[in-house]
Amino acid sequence: PEILLESDVLKALFGDNRKAAIGYTGICWFLSDEQIQHSMKVLYDWADKGSMVYISYIDNSKPTGNMQDVTKIYENMKSPIYYRNTKQFLELIKPWKIKDPGFLLLEDWYDMSPYVTKDMKQYGGEGVLSGFLEK
């Protein structure tokens, strides 16, 4: 994140304003624990109070059905998918705080039935900077 945050493009777009909405959709699936912790801390330190983060992750239950096939495809490409439980994930996103109503299934946020199978226990959450996303 440091490269992005120090870029001329970001400085031109934001100037000194660091109140931002940050999206992490489908990114954490492919990041190690260390990468998530690092990026969340860097973004937290950069962002102003009132900033928000939207983030999603895949539940740590054993993949079944379609997700088992998808997991194998990514493993074969040397890009594993990381599964985590909510307790683990809350530790990784510190110092961000999760906002109510907490983590929900993606389809509870939006009708994703045409796109998300029951095998995809994907959780999404909203946060305000200072955690998960509230500072």
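These are my notebook entries on a predicted protein model, from its overall make-up to a few of its elements.

**Entry 1, the whole chain.** I began by listing the elements, and I found six helices and six strands in the protein. Reading from the N terminus on, I wrote their order down as α-α-β-α-β-α-β-α-β-β-α-β. I then looked up the burial, and of the 135 residues 37% count as buried. The accessible surface comes to about 8,200 Å², and I noted that 54% of this belongs to carbon and sulfur atoms. For contacts between residues at least 6 apart in sequence, I found that 76% join residues at least 24 apart.

**Entry 2, strands 1 and 2.** I turned next to strand 1, residues 21-24, which runs parallel to strand 2 and is joined to it by four bridges. As one example of the pairing I looked up Gly23, whose bridge partner in strand 2 is Tyr54. Strand 2 covers residues 52-59, and I recorded it as mostly covered, since six of its eight residues are buried.

I followed helix 3 through residues 33-46, and its 14 residues reach 20 Å from the first C-alpha to the last, which is close to the 20 Å expected at 1.5 Å a residue. Among the buried residues of this helix I noted Ile36, Met40, Leu43 and Trp46. Together with strand 1 and strand 2, helix 3 makes a right-handed β-α-β unit.

Key: Residues numbered from 1 in each chain as written. Predicted model: local features only at pLDDT ≥ 70, side-chain atom pairs only at ≥ 80, totals over all residues. Heavy atoms only, no water. Buried < 20%, exposed > 50% of the residue type's maximum accessible area, 1.4 Å probe, protein only. Contact = heavy atoms within 4.5 Å. Areas by Shrake-Rupley, 256 points an atom, 1.4 Å probe, with all protein chains shown as cover. Expected span 1.5 Å × (residues − 1). Pairing = 2+ DSSP bridges. Right-handed = clockwise from strand over helix to strand, strands pointing away.
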